[in-house]
Amino acid sequence: MATRTTPTRKAWRALTWLILILVVLAGLQTAGMIWGKWGTTPKLAIDLDGGTEIILSPVVPGGKQATAEQLQQAVSIIRQRVDATGSSEAEISTLGNQNIVVSIPGTPDQATLQRIQSSSKLEFRPVLLTGAPTAAASTDPSASPSDDPSLSSTPSVKPSNASDTNWVTPALQKQYDDFQCADVEKSGANVADPKKPLVTCDDTGTKKYILGPVEVDGADITDASAGTIQGSQGVSTNTWAVSLRFNSAGGDAIKKMGTRLIALDSPRNQFGAVLDGLVITDPAVQGVTDQPQITGSFTQESAQALADQLKYGALPVSFQVQSRDTVSATLGTSQLQSGLIAGLIGLILVVIYSLFQYRLLGFVTIASLVVTAAITYGVIQVASWHSGYRLSLAGVAGLIISIGLTADSFIVYFERIRDELRDGRGLVGAVEAGWGRALRTIVAAKGVNLLSAVVLYILAVGNVRGFALTLGITTIIDVLVVLLFTHPVLQLLAKTRFFSSGHPLSGLDPNALGAVYRGRAQFRVSTEARKGGASREAQRRQTIAERKAAELADAKSGSSDRAEKGKDS
């Protein structure tokens, strides 16, 4: 008795897990709407919801033109920075081999714009002199320190290291005295020669500096992360900082600089972390380490933005915003409507086919598609509002294609059950045996689909990744629904009188399926086929082997009848 109830218990257990998944997704959605300001629909990408288009033009020292290689490298770095913000479906490309076009869904915040525009060229230079800005006017704000003729000659006494005050020539001192922080962008500090001293200001414009040559370059950074500074007792403070990790060359260089600076007097015991020509922090060296922290007036958002910029590297050239425009979604909306109509037509055709081919069993297909749609919607919704995913037209195409791929799983399963019924099994046994055979086929097919989606997502960019993502998600959900809904429902239906008796409308009528297995190498034609009422249907559903076996059985039966008549005569 316990063995007979095992399939039923398994079915209810699977359905319980399915209900739990649906409740969790619904709970996340409800909580997000109450506390997280989530919407009732997923966020849309730029092709469906419009967005912002930013055109960046390169700024190269000496008025030169950026090379195609530099632009492609910049596109790659900007794409990684934008992806790190959680803003998916962004499009970054070159325009006429001269500019870079960045298209972002919605309205980007200031941190995202800073990620895109900033070159994030980080340098560590020792502080030679620092003080508050003066009110004197700049003699030539457009002149770069590296282009100053007075700095092109070596100082009278050759400096022994980057902290040597012999770098400060009279001409450099005068430039420092006249320098105004308002002119720092025009001064070319972000493209200054790393082998020469630099006159610049901090990022707040309240201090100016003479810095020695670059000792550690940001290109040696291997990782950067944002976090709060740990206090003396190991308790986290509210001060945000960016922790840096260097390669071996950078780690050795930062320790060498720290060893020298720690023995000097203020301000020469300080070093400036220079980001895009501005000093973002100038800490005094308290100890020697190869994993320094950058501190300053950071918030969590600005610290994370800086960490993302440094993690993915500095842009090969600096950029300035040439234009910033709002992009409409008129074309995308029209295409979305056409796509949804096509998807609806496809869904209707699947429903009609299921009901025609499988009678009332087709309603299991319909119910499975509804459950698949509910889970898919919940997953896309959570990914959209929690992780920043945006649904594009390509993503919608992936969802529409999944309708047919999902129906394939049900068809494979149903046909395996029908094969078992043709072999003479009862419905309960046919469901279990058919499931074992169908599951291997379904897992193999979905494994190929998932592998294709993963490879496409890794190698593709832009909207194509959206297609791959939705295709991969629906493939996983398809297998989940077959395991937790379709198979359990059929296990329960097999116990009902309507389906177990093989009612003609059930779609599982053994007599209507053709030959039924009777014994070793013996087949018989269904009762209806012998009566002629459904002979064509039965014969059509027979396999070649079944038809040959039936013909052989009829031939033997005919021979036996003739032999009996001969004996009688």
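**Figure 1. Salt bridges, with a close-up of the pair K174 and D178.** Searching the whole of this predicted model turns up nine salt bridges. The close-up shows one that joins the side chains of K174 and D178, with 2.9 Å from N to O. Both partners belong to helix α6, which covers residues 170-178, and they sit four residues apart, about one turn of the helix. Side chains of opposite charge can then pair when their charged atoms come close.

**Figure 2. Helix α11 from end to end.** Here we follow α11, residues 393-422. How far apart should the ends of α11 be, at 1.5 Å a residue? The 30 residues should span 44 Å, and the end C-alpha atoms lie 45 Å apart, so the two values agree. Do look for S402 along the way, as α11 bends there by about 30°. After the helix comes G424, which has a positive phi near 95°.

**Figure 3. The packing of α11 against α12.** Two packed helices are described by the angle between their axes and the distance between the axes. For α11 and α12 (residues 427-459), the angle is about 145° and the axes are 7 Å apart. The crossing of α11 past α12 is right-handed. On the α11 side, the contact includes L405, S409, V412, Y413 and R416. Facing them across the contact, α12 contributes residues including L427, V431, W435, A438 and I442. By type, the residues of this contact comprise 12 nonpolar, five polar and five charged.

Figure 4. Most residues other than glycine have a negative phi, and most peptide bonds are trans. You will find P267 in the loop that runs between α7 (248-261) and β10 (271-275).

Figure 5. Which value does phi take at D276? It is near 55°, positive in a residue that is not glycine. D276 belongs to the loop between β10 and β11 (278-281). R359 also has a positive phi near 55°, and R359 too is a residue other than glycine. The loop that holds R359 lies between α9 (330-358) and α10 (362-387).

Conventions
Residues are numbered from 1 along each chain as its sequence is written. This is a predicted model: local features need pLDDT of at least 70, side-chain atom pairs count only at pLDDT 80 or more; totals for chains, interfaces and linings use all residues. Side-chain values use heavy atoms; hydrogens and water are left out. Axes are lines fitted to C-alpha atoms, for helices over the stretch in contact, and angles run from 0 to 180 degrees between N-to-C directions. Helices (H or I, at least four residues) and strands (E, at least two) are DSSP runs, numbered from the N terminus. A crossing is left-handed if the near helix is turned anticlockwise from the far one by less than a right angle, and right-handed if clockwise. Contact means heavy atoms within 4.5 Å. Ala, Val, Leu, Ile, Met, Phe, Trp, Tyr, Cys and Pro count as nonpolar, Asp, Glu, Lys and Arg as charged, and the others, Gly among them, as polar. The expected span of a helix is 1.5 Å times one less than its number of residues. The bend at a residue is the angle between axes fitted to the seven residues ending there and the seven starting there. A salt bridge is a side-chain nitrogen of Lys or Arg within 4 Å of a carboxyl oxygen of Asp or Glu.
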